[in-house]
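I opened my notebook to work through this structure. I start with the core, then turn to the overall fold and the ligand.

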Amino acid sequence: MSDRYATCLAALRAQPLHWLVTGAAGFIGSHLVETLLRYDQFVCGLDNFSTGRRENLEALARSLSPEHIARFRFIEGDILDPACCLEAAKGAQLILHEAALGSVSRSVKDPVLSNRVNVEGFLQLLLAARACGVRRVVYASSSSVYGDTSHFPMVEHILGSLQSPYATTKRFNELYAQVFCRLYGMDLVGLRYFNVFGPRQNPEGEYAAVIPRWIHSRLGGQQCTIFGDGTTSRDFCYVDNVVQANLLAATTPANITGEVFNIALGGETSLIDLYSMIDSASSTNPADPRFTNFRPGDIHRSRADISKASKTLGYHPAVLVADGIRRTVEYFKTSGSKR
Ligand SMILES: NC(=O)c1ccc[n+]([C@@H]2O[C@H](COP(=O)([O-])OP(=O)(O)OC[C@H]3O[C@@H](n4cnc5c(N)ncnc54)[C@H](O)[C@@H]3O)[C@@H](O)[C@H]2O)c1
């Protein structure tokens, strides 16, 4: 653990704060809630279970002490509902905003719904944060905002053309955040996550991310499909690194108002290499994947320059891809019906 992160966690434990985590029943949100509670924070979680799962909250109850769970309040509700956002933000000093509809393909199919949740919901949340005098909101942006950039590694100030409605919603979040900082003097910070993975990520359904989908398939002895020729690459980032980034961004005394930061490993793994890692960790009977066409809206290469987050926030990803894959496979092997 980096010195800055260790100091951050010690300070939180010494002086617990009140947090709102939106999307608390989702993959990343549930990890944020878990770590915050483990470090004695007071947490309100908001989620409408549209893609999040009650099992994720039940898993928290199993892994934490009753004293920690007593510091957790959960509101089942929608970020599109202003009253609900106000109720959730009341008393919060810091907000970690994760609630959104993920998946590029979902947004290609239904751009109106993605826009409603990801843009209108974001605005409702910001208005509630402003009304409640929240100190800082750290919100989830995405590497998809880089679109078709040919600049590698991807650096915060050089963007290409957006390739999907999902990417557009995330870029709108960043633009609205800048405007709200200027207009209302709010303190809003965006984290551009690059392909996050880890335990509790949903492996099922049409919009599942590649890592949980492949692990689930290989554990079940099924063949996996690679979209494209396998050379497509991503900067895969284990979820603990994303938790670290959120806590550092929320608590740093540095003036980072209106800023965005890449949150990734700063590496690049091709889909074919990723497949080999997953196949060998999940199965005793190695099997070749099948290849099919690229999906519309997908970008071909992705790799982050994380030097801004490292220098400004003290962010140092502690879990690398291979280790993260091993931990995630272990989770899926042992979680069985508890998922
Ligand atoms: N997982 C990744 O690789 C990745 C990459 C880039 C950005 N992100 C962003 O990170 C955030 C968290 O992603 P995740 O992977 O944990 O996804 P997730 O789907 O597991 O979590 C999102 C949560 O938001 C909730 N939600 C959706 N609409 C809501 C609404 N209207 N009101 C209240 N709650 C609502 C869902 O029920 C879900 O629990 C999202 O903003 C996503 O766009 C994720």
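**Entry 1: the core**

I looked up the largest nonpolar core and found 90 residues, with Cys237, Ala249 and Ile263 having the most contacts inside it. Such a core is a set of buried Ala, Val, Leu, Ile, Met, Phe, Trp, Tyr and Cys residues joined through C-beta atoms within 7 Å. Buried means 20 or more other C-beta atoms within 10 Å of a residue's own, with C-beta atoms placed from the backbone. Helix 10 (residues 239–251) gives this core its largest share, 8 residues.

I noted that this is a predicted model: local features need pLDDT of at least 70, side-chain atom pairs count only at pLDDT 80 or more, and totals for chains, interfaces and linings use all residues. Residues are numbered from 1 along each chain as its sequence is written.

**Entry 2: the whole chain**

I found 13 helices and 13 strands in the protein chain (DSSP runs numbered from the N terminus: helices are H or I, at least four residues; strands are E, at least two). Buried residues make up 44% of the 339 residues. The C-alpha atoms fill a box of roughly 55 × 45 × 40 Å along the principal axes.

**Entry 3: the ligand**

Which residues come nearest to the ligand? I found Gly23, Gly26, Gly52, Ala100 and Ala140, out of 29 around it (C-beta atom, placed from the backbone, within 6 Å). Helix 2 gives the most to this shell, with 3 residues. Strand 5 (136–142) is among the elements that each supply at least two.

Notes
Buried ≥ 20, exposed ≤ 12 C-beta atoms within 10 Å, placed from the backbone.
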